[in-house]
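Please walk me through this structure, moving from the fold of its parts to the contact between its chains and then to points of local geometry.

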Amino acid sequence: MALNNDILQRWHNSAIVLIGGSAGSFKLIFRAVKNFPIALDKAVIIVIHRKKNFFSEIEKLFAENSRMSLREIADKDVIEKNTIYIAPANYHSLIEKEKTFSLDVSEAVWYSKPSIDVTFESAADVYGPNCTAILLSGANQDGAAGLLKLKNAGALTIVQNPDEAEMSEMPLAAIQTGAATYTLSNNDIFELLQT
Amino acid sequence: MAGKITMDETSAYGNITTAQLHELIDLIKKVHGFDFSEYTKASLKRRLARIMQFKKMSFYDLKHLLVNDQQIFQEFLEEITVNVTEMFRDPLFYKALHNQVLPYLSSYQHIKIWSAGCSSGEEVYSLAILLKEANLRNKSFIYGTDINTEMLKEARMGIYSLRKIKSYTENYQYTGLPGTLTDHFTIMYDAASIHSEIKQNTLFSVHNLISDTVFNEFQMISCRNVFIYFESGLQEKILELFYKSLCPLGFLCLGSKEAIRSDFFRRRFKVINQKENIYQKIGA
């Protein structure tokens with residue numbers, strides 16, 4: 001499946017781009033962050049599974065390599081276009097009706113905090129069809145339920161081709177749940193993100 | 001958590017519309033007097049959906065039971081207020097307290113600390129251990145408050161599962177403080193009980209940040225990861241309560257992803273540590 005008019009049209013209409021990934025997704029997300037154009041005219045929200053107390057330099061590394069402004073989500077931040085937001089470790093990041101973020105420290109979902117499901121589900125309520133969501137490599141089933149909810153709300157939902165994923169369980173779970181509007185190759189995903 | 005509603009590892013959402021959420025908030029306020037209208041909605045929605053999913057209830061079942069069944073309402077209250085906490089959560093916060101706040105607090109004759117929204121007490125005991133290792137325990141008193149009476153019971157017991165202690169120990173190691181966390185516990189078969197000398201000079205009691213008022217004057221207030229559940233207007237009301245409850249130059253600690261956003265209060269607090277959100281009261 002290559003990029004078609006439906007994909008491009010819905011991408012064009014999206015106010016936000018959600019990217020979810022776990023094991024095996026870091027390199028892909030880093031490449032995506034590097035390649036986003038300065039004027040994307042959308043907000044990008046990235047949820048990567050990460051360990052607490054792991055004081056990684058993800059934000060620093062991403063910010064140094066991104067043309068868009070990039071920051072870690074803090075509670076009540078307003079969602080602005082041309083900005084990349086990274087979900088912090090040890091919190092769930094939720095999207096409110098007012099297009100702001102709220103954080104939540106409740107139980108992990110699929111042993112993960114941040115959970116991709118939690119962010120995706122709350123985005124579905126607020127953005128519905130004005131949203132593109134991409135689910136990448138991972139070794140558990142987080143993201144599938146959230147992606148399905150997004151699809152049902154009219155969002156463009158894209159799943160990485162499991163054959164190309166380092167860990168195929170996460171993309172496979174989403175496809176089996178029926179959450180994928182399209183399953184795309186890595187090249188197609190990157191092409192879309194730079195459009 | 002100890003409540004009856006626990007979550008299996010499935011998705012977080014059932015189905016509840018925004019209109020239904022508001023209907024429920026109004027109903028709970030009328031029937032039970034608890035006001036959730038200024039709680040953040042996405043999080044509230046998620047927790048309600050969890051209850052419905054776990055109890056296999058429709059929205060109408062839930063509504064009916066919340067009005068008519070006191071037991072279900074209590075369970076609801078326990079579930080709706082998030083009770084996930086850890087000892088030495090955000091280790092660098094404790095390091096900052098040790099380096100930037102304790103030297104100042106040590107100059108007081110008595111140190112009164114309020115841990116607001118203390119849940120099962122882990123933060124209260126973390127602070128107590130920090131003070132003990134700085135030889136300030138004898139002159140300090142820590143109040144832990146929460147709206148959830150079940151959580152306060154657990155807090156008073158101070159008994160935590162070994163699985164939790166393992167993760168708390170890891171947190172402690174990241175603080176870079178000397179000592180060992182388990183020195184302050186008696187290990188039993190599958191749990192660990194906090195030493196009575198750590199429990200001394202602590203008091204756990206019910207306090208509702210939304211409706212209750214000032215009850216003492218404090219040298220330090222810690223309220224971490226509570227504001228995230230409140231909308232901005234309510235956060236400001238509670239900041240007012242904290243401001244009034246602090247002595248001049250007293251310290252306010254918020255969670256590391258929270259911040260004082262209101263200009264009014266930004267002028268009334270000085271930033272001591274930007275990253276860990278530690279503030280000091282200035283002005284009258």
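In chain B, strand β1(B), helix α6 (residues 122-133) and strand β2(B) make up a right-handed β-α-β unit. The model is a predicted one, and the description that follows should be read with that in mind. The two strands of this unit, β1(B) and β2 (residues 140-146) of chain B, run parallel and are joined by 6 bridges, and within this pairing Ser115(B) stands opposite Gly144(B) in β2(B). Strand β1(B) is also joined by 3 bridges to β7 (residues 218-223) of chain B, again in a parallel arrangement, with Trp114(B) placed opposite Ile221(B) in β7(B). Because 5 of the 6 residues of β1 (residues 111-116) of chain B are buried, this strand is largely enclosed by the rest of the structure.

At the start of α4(B), a side-chain oxygen of Asp69(B) comes to within 2.9 Å of the backbone nitrogen of Gln71(B).

In helix α7 of chain B, Lys153(B) and Glu150(B) lie 3 residues apart, about one turn of the helix, and their side chains meet in a salt bridge with an N to O distance of 3.1 Å. Lys153(B) counts as partly exposed because its relative accessibility is 47%, and Glu150(B) likewise counts as partly exposed, at 28%. Helix α1 of chain B contains Lys30(B), which is exposed, with a relative accessible area of 72%.

In chain A, the side chains of Arg50(A) and Glu59(A) meet in a salt bridge at 3.1 Å, N to O. Are the two residues of this chain A pair, Arg50(A) and Glu59(A), buried or exposed? Arg50(A) is buried, with a relative accessible area of 16%, and Glu59(A) is buried as well, at 17%. Glu59(A) belongs to helix α3 (residues 58-64) of chain A, and, leaving aside residues up to four places away in sequence, Glu59(A) touches Arg50(A), Leu70(A), Glu72(A) and Ile86(A).

How do the two chains meet? The contact draws 36 residues from chain B and 34 residues from chain A. The size of an interface is often given as the accessible area lost when the parts come together; between chain B and chain A the buried area is about 3,000 Å², of which carbon and sulfur atoms give 48%. There are 6 salt bridges between chain B and chain A, one of which pairs Asp77(A) with Arg261(B), their closest N and O atoms lying 2.9 Å apart. Across this interface, 18 residue pairs are in polar contact. On the side of chain B that touches chain A, the elements that give two or more residues are α2, α5 (91-105), α8 (162-175) and α10 (232-245) of chain B, and α2(B) gives the most, with 7 residues.

Some points of backbone geometry remain. Most residues other than glycine have a negative phi, and most peptide bonds are trans. In chain A, a cis peptide bond joins Lys113(A) and Pro114(A), with omega about 15°, and Pro114(A) lies in the loop between β6 (101-104) and α4 (116-127) of chain A. Lys99(A), although not a glycine, has a positive phi of about 60°; its place is in the loop between β5 (92-95) and β6 of chain A, and at 37% relative accessibility Lys99(A) counts as partly exposed. In chain B, Lys56(B) has a positive phi near 50° and lies in the loop between α2 (41-54) and α3 (59-68) of chain B, where, at 73% relative accessibility, Lys56(B) counts as exposed.

Technical notes: Residues are numbered from 1 along each chain as its sequence is written. Chains are lettered from A and ligands numbered from 1 in the order in which they are written. This is a predicted model: local features need pLDDT of at least 70, side-chain atom pairs count only at pLDDT 80 or more; totals for chains, interfaces and linings use all residues. Side-chain values use heavy atoms; hydrogens and water are left out. Helices (H or I, at least four residues) and strands (E, at least two) are DSSP runs, numbered from the N terminus. Buried means under 20% relative accessible area, exposed over 50%, partly exposed in between (1.4 Å probe, protein chains only). Contact means heavy atoms within 4.5 Å. A polar contact is a pair of N or O atoms within 3.5 Å; within protein, one must be able to donate a hydrogen and the other to accept it, and residues adjacent in sequence count only if both atoms are side-chain atoms. Two strands pair if DSSP finds at least two bridges between them. A crossover is right-handed if, with the strands pointing away from the viewer, the path from the first strand over the helix to the second runs clockwise. Buried area is the accessible area (1.4 Å probe) that two parts lose on being put together, summed over both. A salt bridge is a side-chain nitrogen of Lys or Arg within 4 Å of a carboxyl oxygen of Asp or Glu.
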